[in-house]
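Morning, everyone. Please bring up the model, and we will go through it together.

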Amino acid sequence: MRVADRRVLPLDAERALLVGRVWDPKSGGPRPVLVRGEAVHDIFDLSSTISALLERDDAVDALRAVSSPPRWQLPDLVAASVERRYEAHLLAPVDLQVIKACGVTFVDSMIERVIEERCGGDPVRAAEVRAMLAAQVTEDLGAVVPGSKDAARLREALLAKGWWSQYLEVGLGPDPEVFTKAPVLASVGWGARIGIPRFSGWNNPEPELVLVADSLGRARGCTLGNDVNLRDVEGRSALLLGMAKDNNAQSALGPFIRLFDGEFTLDTVRSETIELEVVGVDGYRMDGVNSVSRLSRSFEELLAAVHGEHHQYPDGFALYTGTLFAPTQDRDAAGAGFTHHTGDIVTISSPHLGTLVNEVAPTETIEPWDFGVSALCAYLLGQQRHARDTEL
């Protein structure tokens, strides 16, 4: 993996309460960890899963009380993650949580979804359609509140001009789009490869803030995520959303979950700026920004759309909150827009959450996902037996 910059931690790491997961070859499974600077503490005895840890009301105090010596050093874990050595390395920081996502949560970027649909997933037609739509929409989309009278008027105006789209409903209507992004335990972490299937010719990264909630639907912390998207597939039909969003290694999370602790709160990240950088082996470079403050729906509204009397998550959930960023920069040919190449290094970073780095590869060549819920249960049971035998 071509990663020269191995930034991981947030800028204020000395004040951050960071938890994650490490693959431990010695025991043959994942270990929840507490990260204090470069010191990484194994907290398996405190909680065997991140999901169970976030169920504890005293999680913050329990983590601050950890006094055991560190088991790993962060630079070693990062090096192993980059070089893919079969040594202890970083994993996605969630485990039993369901991976959910909200789409079209920025009215500004809703237009790109409409364009995808109108051009049937053909990137060559996107520039033409984008220009046509821009001539029709003169409103300040960033100021439109979904479900409001202004949003309803904008929707009706677009419909009257022949710009019908199902994205107008979730972008301007009262209810957000919510879908399941990936199966439990399928997300990849810092340094892992992210997958683009060979059948896709128009695709992009989606840098997002990801809320991590407990079984009561309370946001206990957050992390960074890449909601990798196949624009040509979703553009053909929104009913192909699963095909566009859920393939091997298309959900990247990390580097760690930063827990809300009184000083760092949900309000802190309402104005978080998430930066994106894509660097190709061909020297190509693209930069982008996702300004969380421009979300058209509040965190509370998105959480309530996922969890409530209508749906429960006994092990909690991680929620991609959407992105403002939709790349239109040409890469291969004029008017063709952006699409990934094999070997692209995707870096997503923010001041309070650190940096998530992944390399793009064909999905079909990435190591198959083979550590699922059954494997985790077997590992946890084995660890319990080992602890019991050690005591005896």
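Which residue does the side chain of Arg218 meet in a salt bridge? Asp57, with N to O at 3.1 Å. A salt bridge here is a side-chain nitrogen of Lys or Arg within 4 Å of a carboxyl oxygen of Asp or Glu.

A word on conventions. This is a predicted model, with residues numbered from 1 along each chain as its sequence is written. Local features need pLDDT of at least 70, side-chain atom pairs count only at pLDDT 80 or more, totals for chains, interfaces and linings use all residues, and side-chain values use heavy atoms, with hydrogens and water left out.

Back to that pair. Arg218 and Asp57 are 161 residues apart. Arg218 is in the loop between strand S10 (207-213) and strand S11 (219-227), and Asp57 is in the loop between helix H1 (50-55) and helix H2 (59-64). Helices (H or I, at least four residues) and strands (E, at least two) are DSSP runs, numbered from the N terminus. Arg218 is partly exposed at 34% relative accessible area, and Asp57 is exposed at 64%. The cut-offs: buried is under 20% relative accessible area, exposed is over 50%, partly exposed is in between, with a 1.4 Å probe and protein chains only.

The salt-bridge count comes to 30. Here is another one. Arg153 pairs with Asp150, closest N and O atoms 2.1 Å apart. Both sit in helix H6 (residues 149-160), three residues apart, about one turn of the helix. Arg153 is exposed at 52%, while Asp150 is partly exposed at 46%.

Now Asp227 and Lys245. Their side chains also form a salt bridge, 3.1 Å from N to O. Asp227 is in strand S11 and Lys245 in helix H9, 18 residues apart. Buried or exposed, Asp227? Buried, at 2%. Lys245 is buried too, at 5%. Beyond four places in sequence, Lys245 contacts several residues, including Phe179, Glu206 and Gln250. Contact means heavy atoms within 4.5 Å.

There is also a network. Salt bridges link Asp12, Glu14, Arg15, Arg258 and Glu263.

On to the nonpolar cores. A core is a set of buried Ala, Val, Leu, Ile, Met, Phe, Trp, Tyr and Cys residues joined through side-chain atoms within 4.5 Å. The largest has 62 residues. Val22, Trp190 and Cys222 are among those touching the most other members. Apart from that core lies another, of 26 residues, among them Leu53 and Ile99. As background, nonpolar side chains tend to be buried together in soluble globular proteins.

Cys222 is buried at 0%, but Cys377 is partly exposed at 47%.

Last, the backbone. Most residues other than glycine have a negative phi, and most peptide bonds are trans. The bond from Gly254 to Pro255 is cis, with omega near 5°. Pro255 is in strand S13 (residues 251-259).

Val104 has a positive phi, near 55°. Val104 sits in the loop between strand S6 (98-103) and helix H4 (107-118), buried at 9%. Ala249 has a positive phi as well, near 65°. Ala249 is in the loop between H9 and S13, buried at 2%.
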